[in-house]
Amino acid sequence: MTLPLSWLISFSLALFAIGVFGVVARRNLIFMLISIEIMLNAVALLFVAGATMHPGSDGQIIYLLILAMAAAEIAIGLALVITMFRRWHSLDIDILSKMRG
Amino acid sequence: MIEILFILSAVIALACALITVTSHNAVHALLFMVVMMLAIALIFYLLGAPFAAALQVIVYAGAIIVLFIFVTMMLHQGQRSIESEHQLFSLRRAGLPMLLSLVLFIEVVVLLYSGEQNALSTSANSDSTKEVGMLLFGRYHQLIILAALMLLSALIGAIHIATPSNPVQGEQ
């Protein structure tokens, strides 16, 4: 029972490209954070695929670290979203370009 | 058999990711993202990593997305926020970013299939979870301490940023 490695890499890259599209095209802060999550998932998938290809499970350890990093990043990102909504009553990322200093 | 399962879950994950990225309603987007996470968990299982699959369901779909949904519901203003989102994002004006990420994807696929094919065995080794545990508390135990420190600092930072009575809020 084998899966071609190129399938997994293609799938992971398609997911990553969708995430890049989301970060570049969306202007709502929440959707940008969601797109970052999608990109992190794509990379984690690549690591797990690498862990099955090579002997040893080191890729799954990296997956665990990516998971912890995603949790930390989302906690701070959502705190920033709440603060931004309190101050400007909008999640439009272009408002932040009016910040000075 | 495994190929069919992989293709099915990959198609589901990609479709859900596309809907997530282009949706105008944040709650719908998050629910589609849960489906995407579950499809990726299935792929982890097919790859012979049941521990990663369980973590994907528990931590991503169970904790991170729920946090997202709580914040979204806190900030959601019903029809008004959906209308303002229509103003902020429309598929017609998103052509250039779509083209760019499509080019990125096609580029790597071309690169991938121009070389020799590499096969990946997916023998479901039942010792995978045990092995991860041995590595986690053996060779990589310092990384666990670092991850814990990172989570702690993120917790403190999030509390500091989101507390309404901090000096930054008082300036207004």
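The following dialogue explains how to read several features of a predicted model.

Me: Which conventions apply to the numbering and to the values here?

Reply: Residues are numbered from 1 along each chain as its sequence is written, while chains are lettered from A and ligands numbered from 1 in the order in which they are written. Since this is a predicted model, local features need pLDDT of at least 70, side-chain atom pairs count only at pLDDT 80 or more, and totals for chains, interfaces and linings use all residues; side-chain values use heavy atoms, with hydrogens and water left out.

Me: How many helices and strands are there in chain B?

Reply: Helices (H or I, at least four residues) and strands (E, at least two) are DSSP runs, numbered from the N terminus. Chain B holds 8 helices and 1 strand. Along the sequence, the pattern of chain B is α-α-α-α-α-β-α-α-α.

Me: What share of chain B is buried?

Reply: A residue is buried under 20% relative accessible area, exposed over 50%, and partly exposed in between (1.4 Å probe, protein chains only). Of the 172 residues in chain B, 36% are buried. The accessible surface of chain B (Shrake-Rupley method with a 1.4 Å probe; for residues, only the protein chains shown count as cover) is about 10,200 Å², and 72% of that surface belongs to carbon and sulfur atoms.

Me: Is Ala41(B) buried or exposed?

Reply: Ala41(B) is buried, at a relative accessible area of 5%, and lies in helix H2 (residues 26–46) of chain B. Contact means heavy atoms within 4.5 Å. Apart from neighbours within four places in sequence, Ala41(B) is in contact with Ala53(B), Gln56(B) and Val57(B). The C-alpha atoms of Ala41(B) and Ala52(B) are separated by 7.5 Å, the two residues being 11 residues apart along the chain.

Me: Where is Ser23(B) placed, and which residues does Ser23(B) contact?

Reply: Ser23(B) is in the loop between helix H1 (2–22) and H2 of chain B. Ser23(B) counts as buried, with 12% relative accessibility. Leaving aside neighbours within four places in sequence, the contacts of Ser23(B) are Arg26(A), Phe31(A), His28(B) and Ala29(B).

Me: How is the interface between chain B and chain A described?

Reply: The size of an interface is often given as the accessible area lost when the parts come together. Buried area is the accessible area (1.4 Å probe) that two parts lose on being put together, summed over both. For chain B and chain A this area is about 7,100 Å², with 76% of it on carbon and sulfur atoms. In this interface, 81 residues of chain B are in contact with 67 residues of chain A.

Me: How many residue pairs are in polar contact across the interface of chain B and chain A?

Reply: A polar contact is a pair of N or O atoms within 3.5 Å; within protein, one must be able to donate a hydrogen and the other to accept it, and residues adjacent in sequence count only if both atoms are side-chain atoms. The rule finds 9 residue pairs in polar contact across the interface of chain B and chain A, both residues at pLDDT 80 or more. Helix H3 (residues 50–75) of chain B gives the most to the side of chain B that touches chain A, with 13 residues.

Me: How many salt bridges are there over all chains?

Reply: Side chains of opposite charge can pair when their charged atoms come close. A salt bridge is a side-chain nitrogen of Lys or Arg within 4 Å of a carboxyl oxygen of Asp or Glu. The whole structure has 3 salt bridges over all chains. In one of them, Asp92(A) pairs with Arg27(A), with the closest N and O atoms 3.7 Å apart. Asp92(A) lies in the segment after helix H3 (58–88) of chain A and Arg27(A) in the loop between helix H1 (5–25) and helix H2 (29–53) of chain A, so this pair ties together parts that are 65 residues apart in sequence.

Me: Which residue forms a salt bridge with Arg27(A) at 3.0 Å?

Reply: That residue is Asp94(A), which lies in the segment after H3 of chain A, 67 residues apart from Arg27(A). Asp94(A) is partly exposed, with a relative accessible area of 36%.

Me: Which residues form the salt bridge between chain B and chain A?

Reply: The side chains of Arg139(B) and Asp58(A) form this salt bridge (3.4 Å, N to O). Arg139(B) counts as exposed, at 57% relative accessibility, whereas Asp58(A) counts as partly exposed, at 27%.
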